[in-house]
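Here is a short briefing on one protein chain. Take a look at the structure first, then read the points below.

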Amino acid sequence: MSFIRKIHFAIGFLISAILADLVQPGQYDYGFNVDLRLRKREGPTQSHIVTGAPPVHGTAQVRPDIRDLQKDNDKWNLYILALSWMQFTDQESPFSWYQITDRQDRFQEAAATFRMPYWDWAAVPPDGDSVLPLSVGSSPNINVSGPNGVQTISNPLFSYVFRPFNGSTFPDFPPAKYNTWRETKRAPRPVNSPNATSNNSFVAHSLDTHLPSFQQRLYNLFSNYPNYTTFSNEAWIPTDDSYNDTYDSIESLHDSIHTVGGGVYGHLAIIAYSGFDPLFWLHHTNVDRIFTMWQLLYNDTYVVPTPAIYSSHTTSPGEIEDSKTALTPFFYNETHFWTPEMARDHQVFGYTYAEVANKSRAEIVTSINNLYGTFSPVSMFMRLDGNQRHSSRQGGHSSQREPRRAKGLSWNIQTSTHPPMSAVFSGDKYREWVANIRVNKHAMGGTFSIHLFLGEVPSDPLSWPVASSLVGTLGIFSHKGKHDKAFDRKVGGTIPMTSALMYMVTAGKVLSLHAEDIEPFLKSNLELRVSLVDGTAVDAYEVGGLHVSVASSMVRAPKSEDMLSEWGKVESHFDLFA
């Protein structure tokens, strides 16, 4: 069943009715036995029916960006206390972080309008901040205000501590020491030590380096993927066309956030363990938000009957799934499960998002352009008046505000130097460059990453995610288990190259964005590398089904913020690896 629709349910369960153990070090001290008090309020049994949070005065409440939530002291404290409470609950309890996928708690006042926040990993963060929010990665401790005053407690967004820890539940995955790590890690160092610590600074640097690529992918999905099946699903299915122009998907982009956000051997990068990292829920809420925005742009396309690829507890490979297929194990009532059709409108779960709440299509498009057009020539075109658009001498523009320069190889609208219009545009069109990639999902028996560089590639693969020559990374989020190398399911994804090439134009490395200049430049300078989840490099020829091709499209730039780009036919230039 649809990857996107199941996210609707998984993220709806996190903030829940919570039972807690006695106060332990690192947990908030309420001054009374919260365990006994809450047990009196709960019945002997708990329903697994999914209802969502109730609307307030008939209105679905907004899920905020995590940085915006932090500005609301009452809701932020409520959120941190709730997460902390779950983390300090014995994981044998159905209300613990370990087992949580169920039920909304009822608080008062702030809780009535509180909705789970999201982490927007594709938007340019505030000045001085990283794509990885400081509240998530800066400190293992956090100050929180509760009914017993302000206290310093363990930061529930920094990691999850297993209670009790049972190393036997974690399969051997050398050199990582999952069976000795009592809490979740991000980019653990040293990876072969039971005392490894998270390197959140490296993860933050890596996410900042990948921001241009992630944002370009998302903008391209909004503007060029109007079909639900191709937008939602990473499966690569050959068509009758001579060239398949729908390589990317929100699922594939989602996978890359897992691999980059987890770092080498981080829990978020391992399918079996990823849900324990607190980033998991913030990430998936954002995927739900993105789908909601996309859905309101293209509301005439949805789930179509499709054979299942994998088996589950209730379906077999080849079984036809459609909009009426049960979304097990999520109950609608005592006897029936939710279906995609029933969950089509996100507001049935009592939440919405600021970008779509009571917004027209034009207003949603404006938000997309403002949030996700920073690294695209589109932003350059929209900021010019009619005379400037047709001037072949326009260039050398200086921004009046302090520019925020993204790490990595990229150009953005806030940098001080803009290339001449004639080097980028032909009339109102420019050429969008992408690397289209397809590969066997289980080619390497687990998660792996495909990287593209322009210029020198660092000798140490561990430094690839933060290399100054990195164009982008396609993360293949694969299970080490029953779907092994023998399973030849192909998936697709893209690495956008336009922003990196715009940087090369402004730096004088190549004359223009036009095909006659870019194609020979890429043939001479584009480098491919592959690494495993442990950070080691592998020969691309060892990766089953790997195919990387360079393609482009002439794209008509929007003249105003309430319009999206219009893509022309995809043109194939050459195979980088086949």
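Accessible areas here come from the Shrake-Rupley method with a 1.4 Å probe, and for residues only the protein chains shown count as cover. By that method the chain exposes about 23,800 Å². Carbon and sulfur atoms supply 50% of this area. The model is predicted: local features need pLDDT of at least 70, side-chain atom pairs count only at pLDDT 80 or more, and totals for chains, interfaces and linings use all residues. Residues are numbered from 1 along each chain as its sequence is written, and side-chain values use heavy atoms, with hydrogens and water left out.

**Overall build**

- The chain holds 16 helices and 15 strands. These are DSSP runs, numbered from the N terminus: helices are H or I with at least four residues, strands are E with at least two.
- Of the 578 residues, 58% count as buried. Buried means under 20% relative accessible area, exposed over 50%, and partly exposed in between (1.4 Å probe, protein chains only).
- Contact means heavy atoms within 4.5 Å. Among contacts with a separation of 6 or more, 72% join residues 24 or more positions apart.

- The expected span of a helix is 1.5 Å times one less than its number of residues. For α10 that gives 27 Å, and its end C-alpha atoms are 27 Å apart, which agrees.
- Helix α15 covers residues 498-506; seven of its nine residues are buried, so it too is largely enclosed by the rest of the structure.
- The buried residues of α15 include Thr498, Leu501, Met504 and Val505.
- Just after α15, glycine 508 has a positive phi of about 80°.

**Aromatic rings**

- The structure has 33 aromatic pairs. Rings of Phe, Tyr and Trp (its six-membered ring) pair if their centres lie within 6.5 Å; planes under 30 degrees apart count as stacked, over 60 as edge-to-face and the rest as tilted.
- Tyrosine 160 and phenylalanine 276 form a stacked pair, 6.0 Å centre to centre with 15° between the planes.
- Tyrosine 160 lies in the loop between β3 and α7, and phenylalanine 276 in the loop between α9 and α10, so the pair ties together parts 116 residues apart in sequence.
- Both tyrosine 160 and phenylalanine 276 are buried.
- They belong to one aromatic cluster, which also includes Phe162 and Trp181.

**Charges over rings**

- A charge sits over a ring if NZ of Lys or CZ of Arg is within 6 Å of the ring centre and within 35 degrees of the ring normal.
- The charged end of arginine 63 sits over the ring of tyrosine 351, 3.5 Å from its centre.
- Arginine 189 places its charged end over the ring of phenylalanine 202, 5.2 Å from the centre.
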